[in-house]
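This report examines a helix and a group of aromatic residues in one protein model. The sequence and the structure are shown first.

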Amino acid sequence: MKKSKNYKIMLQSEEKQQIEKLLIQLYEEVTRKEPGSKHYALLIIHQMMIELYRTQTKSKGRIKDNNYKVDWIADILLYINEHLHEPLSLTTLADKCLVSPSHFSRVFKETTGIGLTVYINTKRIIKSKDLLLETDYTISHIAEMCGFESNPHFYRMFKKYMNTTPASYRKKNDTSNI
């Protein structure tokens, strides 16, 4: 079966109101800049993606099979957010969803638009950035809290995603000296 290249989603009145409500929530969360607001904003974005995906699925008439797919993706996104500090492998996550690793990987990428490893690393970097700015924990402790397997791995990933080291990021964004 060829993949659909239809990127336009028609929203009914109720669905439009739901997405608008989520967009307002997202805007408020981003402008408030409270601790954890980045994580909450990402959750709102995930919820919007799932709502849009469900809408698209309903319009194609494949509601029953795909609702299950969306349900387990939503569940696994929450699981990942709550277990970032633990090792999260494709096999382990696929087992939790009772699907094969290849199916998990394909559906995850179709639903979120990015691969599992990129998603997990991005979430861990976001969490580490918050911890670097909001706590006095050592960088190695933050790396451990965010689920990085080693300090060198944490430094590599942080540099890759942020174009700076964790220490430089903390120093550059330290507002306590202002």
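## Basis of the description

The model is predicted; local features need pLDDT of at least 70, side-chain atom pairs count only at pLDDT 80 or more, and totals for chains, interfaces and linings use all residues. Residues are numbered from 1 along each chain as its sequence is written, and side-chain values use heavy atoms, with hydrogens and water left out.

## Helix α5

Helix α5 comprises twelve residues, 101–112. Helices here are DSSP runs of H or I with at least four residues, numbered from the N terminus. From first C-alpha to last, α5 reaches 16 Å, close to the 16 Å expected at 1.5 Å a residue; the expected span is 1.5 Å times one less than the number of residues.

The buried residues in α5 include F104, V107, F108, T111 and T112, where buried means under 20% relative accessible area, exposed over 50%, and partly exposed in between (1.4 Å probe, protein chains only). These residues lie on the same side of α5 because they cover an arc of only 110 degrees around the axis. The arc is that of the directions from the helix axis to the C-beta atoms. Just after α5, G113 adopts a positive phi of about 90 degrees.

## Contacts of T112

T112 lies in helix α5 and counts as buried because its relative accessibility is 13%. Its side chain reaches two backbone oxygens: that of F108 at 2.8 Å and that of I114 at 2.9 Å. Leaving aside neighbours within four places in sequence, T112 is in contact (heavy atoms within 4.5 Å) with M49 and L77.

## Aromatic pairs

The structure holds seven aromatic pairs. Rings of Phe, Tyr and Trp (its six-membered ring) pair if their centres lie within 6.5 Å; planes under 30 degrees apart count as stacked, over 60 as edge-to-face and the rest as tilted. One of the pairs joins F154 and Y155 edge-to-face, at 6.1 Å centre to centre and 70 degrees between the planes. The rings of F154 and F158 have centres 5.7 Å apart and planes at 65 degrees, so this pair is also edge-to-face.

F154 and F158 are separated by about one helical turn because they are four residues apart in helix α8 (residues 151–162). F154 counts as buried at 0% relative accessibility, as does F158 at 0%, whereas Y155 is partly exposed at 34%. One aromatic cluster is formed by F148, F154, Y155, F158 and Y169.

Conventions:
Helix = DSSP H or I, 4+ residues; strand = E, 2+ residues; numbered from the N terminus. Polar contact = N/O pair within 3.5 Å; in protein donor to acceptor, adjacent residues only side chain to side chain.
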